[in-house]
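Keep the viewer open while you read. We will go from local backbone features to ring pairs, then to the ligand.

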Amino acid sequence: MALKRVMVLTGGGDCPGLNAVIRGIVKRASQTTDWEVVGCVESFNGVLREPTEIIELDEKRVEGLQIQGGTILGTTNKGGPFAWPVRQPDGSWTTVDRSDEMLRKLSYIGVDAVINIGGDGSQRISLGLYEKGLNIVGVPKTIDNDLSMTDYTFGFQTAVQICTDAIDKLVTTAASHNRVFILEVMGRDAGWIALHSAIAGGADVCLIPEIPYDIDRVKEKIAQRYDKRRGYCIIVVAEGAKPRGGSVTGAVSDEVGYQHIKLGGVGEQLAADLKAAGVEHDIRYTILGHLQRGGTPIAFDRVLASEFGVRAMEFVMDGRFGQMVAYHHPDIVGIPLAEAVRTQNLVSPDSRLVHTAKGLGIAFGD
Ligand code: F6P
């Protein structure tokens, strides 16, 4: 009997644990006699480009990969089969829908099923392709933990650990200099990384996209942390946080196909606003940026990513297409793709964790 072929790809921003998912898929497939695994380079671009870039993935190739950060397949958060960027004669860019052409190519190269590891944007592409008849299974990926249909995504806990380690370091220097320290962390729409690391690191202020802040309330909290000139204050701010009545700090990207606002700089802005509001203590800010996405996944994320990989392959073997694997403690379940991308997982101001943080004296500027 001819081998069936499953193609795996990674889309969107990278995230620790992607390689562990790929390894899980390949290892599970290698226990069968009828499936082989190939990888598509740089999300769907490997099929859309000429010549195509599809690589064979066998057990040897994925050996030890659970430790490795990034993705061996490469990734992109620009374009895709439904919005492929094309330069026009006048030099400007437009997008074209290449999904039908891509489906024809997939069938030509003998792909029977696809596993798409990616965030909400990638899973919207999965849904669009599934509706056009592709056998596809989604695996959720987001450092921000903003996908609503899974308790956690891999990579998130690693990012939280990196931010917590950073807070631990900032505390000693802040205390030595009686400074206010602002740590800017990732979190475009959801403040989960900021909230978890603020609690774990013992921060004094946590500013998140879901709770617009009042600069005077932040100033009040800083004042509480000082006895005249002595004291220090740690503020964790998510990149998507904004002042009450204000907007996020960032810029429109000039990168072709990049559809998000490029966030960044809220920490610097906050430092300036606090000075302008009359805070006289020294203020410093640190932007953790992509350090949160790089490097080795912590054990929790390796386990979750491996579970997702093994289960996604089993979904393919069982013909459970149009689903995204998800973690609903204590199980790994299947969620229809249409449901999986419907809403975001945002921090509710009334949630248990915000309550806990407030119980610890953490201020949200509300
Ligand atoms: O969505 C995940 C995320 O890490 C955001 O928190 C961040 O704004 C964005 O990706 C940055 O991605 P990149 O710089 O890779 O485009």
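Lys228 lies in the loop between β10 (226-227) and β11 (230-231). This is a predicted model. Is Lys228 buried or exposed? Its relative accessibility is 75%, so Lys228 counts as exposed. The backbone is worth a look here. Phi of Lys228 is near 55°, a positive value in a residue other than glycine.

Glu42 has a positive phi too, near 55°, and is likewise a residue other than glycine. Glu42 sits in the loop between β2 (35-40) and α2. Its relative accessible area is 25%, so Glu42 is partly exposed. Why pick out such backbone values? Because most residues other than glycine have a negative phi, and most peptide bonds are trans.

Now take the peptide bonds. Which bond is cis, with omega at about -5°? The bond that joins Glu50 and Pro51. Pro51 lies in the loop between α2 and β3. A cis bond also runs from His329 to Pro330, with omega near 5°. Pro330 is in the loop between β16 (323-328) and β17 (331-336).

Stay with the loop between α2 (45-48) and β3 (54-57), where Thr52 is placed. Thr52 has a relative accessible area of 33% and is therefore partly exposed. How far is Thr52 from Asp318, C-alpha to C-alpha? The separation is 28 Å, for two residues that are 266 apart along the chain.

Thr158 gives another picture. This threonine is found in helix α5. Its relative accessible area is 2%, so Thr158 is buried. What does the side chain of Thr158 contact? One of its polar atoms lies 3.0 Å from the backbone nitrogen of Ile298. The side chains of Thr158 and Asp301 are joined by a polar contact of 2.5 Å.

Next, the aromatic rings. How many aromatic pairs does a search of the whole structure find? Three. Start with Tyr152 and Phe156. Their ring centres are 6.0 Å apart and their planes meet at 15°, so the pair is stacked. The cut-off matters here: planes under 30 degrees apart count as stacked. Tyr152 is partly exposed, at a relative accessible area of 26%. Phe156 has a relative accessibility of 0% and counts as buried.

Turn to Phe154 and Phe308. The centres of these rings are 6.2 Å apart, with planes at 70°, so this pair is edge-to-face. The cut-off for that class is over 60 degrees. Where do the two residues lie? Phe154 is in the loop between β7 (136-140) and α5 (156-177), and Phe308 is in helix α9 (residues 299-318). The pair therefore ties together parts that are 154 residues apart in sequence. Both Phe154 and Phe308 are buried. There is also a cluster: ring pairs link Tyr152, Phe156 and Phe300.

Finally, the ligand. Which residues surround the ligand? They are Asn77, Ile143, Asp144, Met186, Gly187, Arg188, Glu239, Tyr258, His290 and Arg293. By class, this shell divides into three nonpolar, three polar and four charged residues. By domain, the shell draws at least three residues from domain 1 (4-154 + 297-329) and at least three from domain 2 (159-294 + 348-359).

Now look at oxygen atoms of the ligand. Asn77 has a side-chain N or O atom 2.9 Å from an oxygen atom of the ligand. For Glu239, a polar side-chain atom lies 2.5 Å from a ligand oxygen atom. For His290, the distance from a polar side-chain atom to a ligand oxygen atom is 2.8 Å. How much of the ligand's area does the protein bury? The ligand taken alone exposes 400 Å², and the protein buries 79% of that.

Terms used
Residues numbered from 1 in each chain as written. Predicted model: local features only at pLDDT ≥ 70, side-chain atom pairs only at ≥ 80, totals over all residues. Heavy atoms only, no water. Near = heavy atom within 4 Å. Polar contact = N/O pair within 3.5 Å; in protein donor to acceptor, adjacent residues only side chain to side chain. Areas by Shrake-Rupley, 256 points an atom, 1.4 Å probe, with all protein chains shown as cover. Nonpolar A, V, L, I, M, F, W, Y, C, P; charged D, E, K, R; others polar. Domains from an automatic or database assignment. Phe/Tyr/Trp six-rings, centres within 6.5 Å; stacked < 30°, edge-to-face > 60°. Buried < 20%, exposed > 50% of the residue type's maximum accessible area, 1.4 Å probe, protein only. Helix = DSSP H or I, 4+ residues; strand = E, 2+ residues; numbered from the N terminus.
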